[in-house]
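Visitor: Hi, can you walk me through this one? I'm new to it.

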Amino acid sequence: MISATEADWSREKPLPGQYEPGKKLLAALRRYQRLRAESTPFGKLLRPFVVLQHRFWSAVSGADIPLTTKIGGGLLIPHPNGIVIHPDAEIGPNCLIFQQVTIGASPKPGLPVIEGHVDIGAGAKILGPIHIGAHARVGANAVVLHSVPANATAVGIPAVVK
Ligand SMILES: CC(C)(COP(=O)(O)OP(=O)(O)OC[C@H]1O[C@@H](n2cnc3c(N)ncnc32)[C@H](O)[C@@H]1OP(=O)(O)O)[C@@H](O)C(=O)NCCC(=O)NCCS
């Protein structure tokens, strides 16, 4: 079973000779966050270049994943087009996010917290101050407005646990 706590960084490694803009985008985000955490003078000089890399791959991939978003390692975004993630949402390790997914705000204050190894189907929207438990699955095109327990599958509009 894929871990919900230990990041499997090999999931983010580019495959030789493959066109994988999602992995390039994530690599820029990881690089930026590493430089920020180390906070060395050389790192500070490099940061603007990494920001440019992130902007380039954001434009190519069509995903809006801000540089400061808290995302555990081992994220898979095989088709990054249309993914939008609020910078204050939290995503655990080894998650899978398909195309056109939004993780963001609702009229209620607060943002989603998604635990490890959650698979989120194409077009799903996860909105507001909710919690998605580890190993949960969110169906394609679901609109999730309430918390989902660990290991559960949420589908539909509004999403219900099946
Ligand atoms: C949610 C999901 C993971 C469930 O898969 P599963 O465990 O094989 O579930 P089943 O197909 O047996 O369906 C279970 C029930 O949920 C319903 N269901 C499944 N997916 C649904 C969806 N996306 N929206 C609405 N209902 C859905 C089924 O109709 C079924 O309902 P029933 O019990 O009333 O008959 C899967 O259907 C899904 O949506 N995966 C996303 C895949 C994706 O986005 N791929 C993109 C590739 S590019």
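Guide: Here is a short tour of a helix pair, a ligand shell and a sheet. This is a predicted model: local features need pLDDT of at least 70, side-chain atom pairs count only at pLDDT 80 or more, and totals for chains, interfaces and linings use all residues. Residues are numbered from 1 along each chain as its sequence is written.

Visitor: How do helix 1 and helix 2 pack?

Guide: Helix 1 covers residues 21–38 and helix 2 covers residues 41–61. They pack at about 160°, with axes 9 Å apart. Axes are lines fitted to C-alpha atoms over the stretch in contact, and angles run from 0 to 180 degrees between N-to-C directions. Helices are DSSP runs of H or I, at least four residues; strands are runs of E, at least two.

Visitor: So, roughly parallel or antiparallel?

Guide: Helix 1 and helix 2 are therefore roughly antiparallel (angle over 145 degrees).

Visitor: Which residues of helix 1 and helix 2 make the contact?

Guide: Helix 1 gives residues including L25, L29 and Y32, and helix 2 gives residues including L46, V50 and W57. Contact means C-beta atoms, placed from the backbone, within 7 Å.

Visitor: New topic. What surrounds the ligand?

Guide: Among the residues around the ligand are H79, F98, R137, N141 and K162 (C-beta atom, placed from the backbone, within 6 Å).

Visitor: And the sheet: what is the strand order?

Guide: 5 strands form an open, mixed sheet, ordered 4-7-10-12-13. Strands pair if DSSP finds at least two bridges between them.

Visitor: Which strands stand at the edges?

Guide: Strand 4 (96–97) and strand 13 (160–161) do; each has a single partner strand, so one side of each lacks a neighbour in the sheet. Strand 4 runs parallel to strand 7 (residues 119–120), joined by 2 bridges. There, I97 stands opposite I120.

Terms used. Angles under 35 degrees count as roughly parallel, over 145 as roughly antiparallel, 65 to 115 as roughly perpendicular and the rest as oblique. Two residues are in contact if their C-beta atoms, placed from the backbone, lie within 7 Å.
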